[in-house]
Amino acid sequence: MSRLLNALGLIAVDTVLVLAFIDQLWFHDLPCPLCILQRAGFIAAGFGLALNLCFGPRPSHYGVVILGAAAGAAMAMRQVLLHIVPGTGSYGNPIFGLHLYTWAFIIFALMIVGTAILLLNDRQFGRPEPWSQRLSALPLTAFAIFAVVVVGNIISTLLLCGMGFCPDNPTEYLLFGATPA
Amino acid sequence: MMSLPFLLFACGLGAAWLRQRGAAMGFWVAGLVTLLVLFRLHISDVLNIAL
């Protein structure tokens, strides 16, 4: 049961990161530096779920999720506060009335609460042996998509920012010199 | 520079896949520290939230 919930949680993280890519590639909404850091926050949090899938549930893996989500929430909150005063603008297009950084903060908060709920189940830590090294279909799929998205973010960030820092308001891929059509 | 946290997390995932838990956790810690350093470097502006 715990493994299923961890796999579903990792698929939820995968979905968020894939949607961010769709927004970037399909709607040409290039991510700002804080947006990129929030993506890394999702990956830092999802890393704990991936560890649970590989090694079995451990409190330290849930700690990884909480710390990653807390770091991501801090970054999302910073961006919310940058635009919270009326007239200070916003970044990107709103989705269902909220900007992506606001959604990111909500999701990070939900991850922390969800992880706390998962931690309430003590029986998951009572297994004397680690789980089988063979991952079943759903956890394997979640892990594989997560790995692909992480590698995708490496490539995307390199294309967008090159080897240095990203521009505050990116309008083109630095390595391309132009926004793709 | 900005892709460094992703790179470290990717290395951590590779280590986890190879059943190297200690290395995976090490890469994750390095990635998180890098992430926080990059975050600190990007919050040079003072927030304008005075009412």
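Two residues are in contact if their C-beta atoms, placed from the backbone, lie within 7 Å.

Which residues of α4(A) are buried? They are L100(A), Y101(A), A104(A), F105(A), I107(A), F108(A), M111(A) and T115(A). These residues cover an arc of only 170 degrees around the axis, so they sit on the same side of α4(A). The face turned away from that buried side carries the exposed residues L110(A), V113(A), A116(A) and I117(A). And what covers the buried residues? The cover includes α1, α2 and α3 of chain A.

Now let us step back and look at chain A as a whole. Along its principal axes, the C-alpha trace spans about 55 × 35 × 30 Å. Of the 181 residues in chain A, 38% are buried. If we take the contacts between residues at least 6 apart in sequence, 73% of them join residues at least 24 apart.

Is V64(A) buried or exposed? It counts as buried, because it has 27 C-beta neighbours inside 10 Å. Leaving aside residues up to four places away in sequence, V64(A) touches F47(A), G48(A), L51(A) and W28(B). V64(A) and A45(A) are 19 residues apart in sequence, and their C-alpha atoms are 6.3 Å apart in space. The second stop in helix α3 of chain A is A74(A). With 17 C-beta neighbours inside 10 Å, A74(A) counts as partly exposed. Its C-alpha atom is separated by 8.9 Å from that of Q38(A), a residue 36 places apart from it along the chain.

Our next helix is α5(A), made of the 25 residues 137-161. At 1.5 Å a residue this helix should span 36 Å, and its end C-alpha atoms are 36 Å apart, which agrees. Among the buried residues of α5(A) are P139(A), F143(A), F146(A), V150(A), N153(A) and L160(A). The cover over the buried residues of α5(A) includes α1 (2-25) and α2 (33-55) of chain A, together with α1 (4-17) of chain B. After α5(A) comes G162(A), whose phi is positive, near 70 degrees.

With chain B in view, we can turn to how the two chains meet. How many residues of chain A are in contact with chain B? There are 37, and they are in contact with 26 residues of chain B. On the side of chain A that touches chain B, the elements that give two or more residues are α2, α3 and α5 of chain A. The largest share, 13 residues, comes from α2(A). Sorted by class, this side of chain A has 29 nonpolar, seven polar and one charged residues.

Two loop residues are worth a look for their backbone angles. F96(A) lies in the loop between α3 and α4 (100-119) of chain A. Its phi is near 55 degrees, a positive value in a residue other than glycine. F96(A) counts as exposed, because it has 5 C-beta neighbours inside 10 Å. In chain B, R19(B) lies in the loop between α1 and α2 (21-41). Phi of R19(B) is near 65 degrees, again a positive value in a residue other than glycine. R19(B) is exposed too, with 12 other C-beta atoms within 10 Å.

Finally, a word on confidence. The model scores ipTM 0.92 and pTM 0.90. For chain B the mean pLDDT is 90, and 96% of its residues reach 70 or more. Where pLDDT is low, the predicted coordinates should not be read in detail.

Conventions: Residues numbered from 1 in each chain as written. Chains lettered and ligands numbered in written order. Predicted model: local features only at pLDDT ≥ 70, side-chain atom pairs only at ≥ 80, totals over all residues. Buried ≥ 20, exposed ≤ 12 C-beta atoms within 10 Å, placed from the backbone. pLDDT = per-residue confidence, 0-100. Helix = DSSP H or I, 4+ residues; strand = E, 2+ residues; numbered from the N terminus. Expected span 1.5 Å × (residues − 1). Nonpolar A, V, L, I, M, F, W, Y, C, P; charged D, E, K, R; others polar. Arc of directions from axis to C-beta.
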